[in-house]
Amino acid sequence: MPVRYLDNSTSLANAQWSAKTRKQQWLSWLTWLLGVSLFILCWKMISDNTLWVFVEDAPKQGADLISRMVPPQWDYTPKLWQPLWDTINIATFGTLLGIVMAFPCAFLAARNTTPHPLIRSAALMIIVSSRSINSLIWAMLLVTILGPGLLAGILAIALRSIGFVGKLLYEAIEEIHPTPVEAITATGASRLQVMAYAVLPQVMPAFAGISIYRWDINIRESTVLGLVGAGGIGLQLNAAINTLAWDKVSMIFILIFATVLVSEWISAKVRKAFL
Amino acid sequence: MLSIQSLSKRYNTGDRALTNVNIQIPKGQVVALIGPSGAGKSTLIRCVNRLVEPTEGQVFLGDTQLTQLNNRQLRAARRRMGMIFQDYALIDRLSVMENVLSGYLGYTGFWRSFLRRYPQDVIAEAFRLLERVGLESFIDKRADALSGGQRQRVGIARALLQNPQILLVDEPTASLDPKTSRQIMRLIRELCAERELSAIINIHDVHLAQQFADRIIGLKAGEVVFDGEPEALDTDMLTLIYGEEDWNPQTDTEDDDSVQTQTPDPIRMGAKVAMV
């Protein structure tokens, strides 16, 4: 222990205290040393592999790109309303579909509500596989299977959302107070009734918050799904970049920015309402 | 009425919570279960309605052997046992009325309860109970808007809506102030008398136990070491249950009957300062 009596007596006057023992202090220093060395090493490797010629004129290139972007091509907007509406639809329906599938999954995956450990493993498996694949990759796979279009986008968003909503919701379920569950069980209620009366009201605020947060993320994610052909404003973005029409690109950026702002505002309102 | 026969409970961790407990409780008797923390009081009442599964022994409620029931039968039997909790165990985000009506869950199906469709006579009974416990003006309040004493009254109304034959009461006053504690104990006592209910009340406060119970059972390390009238509980018995301590009321700081203003002992204060 860190407390030492210098003179081998038990006199309080000479007792010394430090948060760490000698050994812990040495270990701490050694870890820092290793960490800093590793950082410097990596820094050098990245620097060696960078073609500095390109980096040197980066400010010029950047300024050039921006000059091509301004002014944005304002009269391009009428052609963007439809894809933007598609994007919002992909995000919203995708989120709804994801929530519908994630909800039962979360109850099966939470340690305190699962009917059987094997079912729990299966539910966790679904959640993990959904989480480990990015929406864009889901979209690529689905476009190959279903062909390009909104449907692929909606399903891609839904599949990715299962993992996100499922994981956060089952963690919320595992953190509920156990005594209301005991109390409802003690009335002779069935398992389903215990879930509906003791568990659901406790996780409702978390569930609303998680869902709306995921919708918010999905608005952003669905703007790029068009890059792989899954519909939405990303299609236009891709086309504009390919034709080097930077004034159109900046117009699309402005619209996406505005949409994300609005979705942030809506989700803040909803979260407040559900507390 | 309730018969607990050679009941033992060993947790998976190997801890013995209860050892060979035998208790018979006749109809209408209010029993206080006292004992130090960890003596097995909570485990004992949870073994009765099998929120905790007993390891050995039998529990009978009337003619029903509770320890042998399958899931469906157990649910039906639990309706006859109302439970009241230390921290009230209400559903905070539901209204007072919904909390009381949840006492009827064992009698109704999932969808009816999910859609809050309760029979008219049950609703009427819930109103009557809320009035009886003095909460008629709080029906539509959310449970977390109530004070501790009011919440415990909701808990009591919920237990009574089950129309039970026995109440299992786990530390009903541990989170309440002395005055509210007495009111709650008196209410439980009165309701037991009105409805001829038996009750097992786990309680820390020995004075409350002596004041409101017909019979006191002392539990120590999972075994019954005292079982008798409240008057028979003297300082020797308290020492037997809780261990060596000065039970003299003059030095008993937990005695909330007499509000004593204690003058701090200057020598002990001095000692404390030196410690710091």
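Student: At which residue does the kink in α9(A) lie?

Tutor: In this predicted model, α9(A) bends by about 55°. The kink comes shortly before the proline A:Pro201. The residue at the kink is A:Leu200.

Student: How far apart are the end C-alpha atoms of α9(A), and what would a straight helix reach?

Tutor: α9(A) has 35 residues. At 1.5 Å a residue, a straight helix would reach 51 Å. The ends of α9(A) fall short of that, with their C-alpha atoms only 41 Å apart.

Student: Which elements of chain A give two or more residues to the side that touches chain B?

Tutor: The contact takes 18 residues from chain A and 22 residues from chain B. On the chain A side, the elements that give two or more residues are α8 (178-186) and α9 (191-225).

Student: How do the residues on that side of chain A divide into nonpolar, polar and charged?

Tutor: One residue of the side of chain A that touches chain B is charged. Six are polar, and the nonpolar ones number eleven.

Student: How far apart do the C-alpha centres of the two domains of chain A lie?

Tutor: Chain A is divided into domain 1, residues 4-48, and domain 2, residues 76-273. Between the C-alpha centres of domain 1 of chain A and domain 2 of chain A the distance is 45 Å.

Student: Over which residues of chain B does pLDDT stay under 50?

Tutor: Chain B has a mean pLDDT of 88, and 90% of its residues reach 70 or more. One stretch stays under 50, and the model has five contacts beyond four places in sequence for it. That stretch of chain B is residues 254-276.

Methods
Residues numbered from 1 in each chain as written. Chains lettered and ligands numbered in written order. Predicted model: local features only at pLDDT ≥ 70, side-chain atom pairs only at ≥ 80, totals over all residues. Contact = placed C-beta atoms within 7 Å. Helix = DSSP H or I, 4+ residues; strand = E, 2+ residues; numbered from the N terminus. Nonpolar A, V, L, I, M, F, W, Y, C, P; charged D, E, K, R; others polar. Domains from an automatic or database assignment. Expected span 1.5 Å × (residues − 1). Bend = angle between axes of the 7 residues up to and from the residue. pLDDT = per-residue confidence, 0-100.
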